[in-house]
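Dear colleague,

Please find the structure below, with my notes on it following directly after.

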Amino acid sequence: MSDIIIKNIQLKQVKCIIIGIMALIVGMLMTGCGTKKETVIQEQELSANQIYIYYVNQEKTDMVQAVYTLNEENNLEQNVDELIGHLKSVEATTQCQSPIPESFTYLDNPIRNVNGRIEVGFNVIYDNISSESLLFFKGCIAKTLLQLDGVELVSLSMTDIANQDPETATVNEIFDEDSFTMSFGDTIGNKQKGTIVLYFANETGDALKEYRKSVEISNTSSIGRTVVESLIEGPKIEGYQATISEGTTVQNIAVKDGIYYVDLSEEFYNTDNPLKNDIIVYSVVNSLVELPGISKVQFLKNGEKVEFYRETLPFDGLFERNLDIIEQEDE
């Protein structure tokens, strides 16, 4: 991973012409990702009106940080609007680029600070947005805003404008200083703590039951793989049954245009699994479709479509969410 460093230049007893040249070079470097207000550096002591602002490197493998100087006369709302506006409009350079996808629109609603918690909202279009890009988006926004005076929590509200269901279109996630583990220039990658929604079989095995699991999501791994491997691992509390046969592995998994392509090993097709076919298959489908921007799942076996699952369930088409198979909680 790249680690962008601009070293402080100390000049002592040099000729005026050299001072002028070096000052010009430093001034050019301090324009960073398109503004004279910040410079990409290592950790340093900041003044009262300075914070770090976070971008994505050109390789989209890491975050890069820069010192940003805030206007001392700005209030909280003005600071938030300015920072997000800068992150959205910054031009890509050889060092860094905007973490906000072009299809995401910032909703400049009035910012309120309630007990240290602020909420910022975006209208989003998830088409062709990878889980890694989404992780960088959330990480850069949250880590930047959490440095503002009095801000202890950032609530990020994302409304999918392609989703016509008002109950599911908006997702809210809350971040604090411990939500992201940074590793500049390290192979571990950047990690975000979060929750995924899985569907295991209920106790009787005749329906699926929602199960929430806390995970660390890394930009170096696929969130879809995390979901499927969590299903293979099985539930950790009573009242649930594992749906996928023991020993199953993820041969390959990829996402394109809102469709997850999932290639599982031979064990997934094991006829010794006593659960019904639709319980097994839709445990995977419903879990993956819970991810932002995912609408369908295509199963593969050794890279090829299979006509039937365990010889009875048509299996070569695209699978969508199945709500009828989910156990309803008693009101």
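How many disulfides does a search of the whole structure find? The search finds zero, a disulfide being a pair of cysteine sulfur atoms within 2.5 Å. The sulfur of Cys-140 lies 9.9 Å from the closest cysteine sulfur, that of Cys-96, which is too far for a bond.

This is a predicted model, in which local features need pLDDT of at least 70 and side-chain atom pairs count only at pLDDT 80 or more, while totals for chains, interfaces and linings use all residues. Residues are numbered from 1 along each chain as its sequence is written, and side-chain values use heavy atoms, with hydrogens and water left out.

The search of the whole structure also finds eight salt bridges, each a side-chain nitrogen of Lys or Arg within 4 Å of a carboxyl oxygen of Asp or Glu. One of them joins Arg-225 to Glu-229 at 3.6 Å, N to O, and these residues, four apart in helix α4 (residues 223-233), are separated by about one helical turn; helices (H or I, at least four residues) and strands (E, at least two) are DSSP runs, numbered from the N terminus. Another pairs Lys-296 with Glu-320, their closest N and O atoms being 3.7 Å apart. Because Lys-296 belongs to strand β15 (residues 296-300) and Glu-320 to the segment after β17, this pair ties together parts that are 24 residues apart in sequence.

Lastly, Arg-310 has a positive phi of about 50° although it is not a glycine, and its place is in the loop between β16 (308-309) and β17 (313-314).

Best regards
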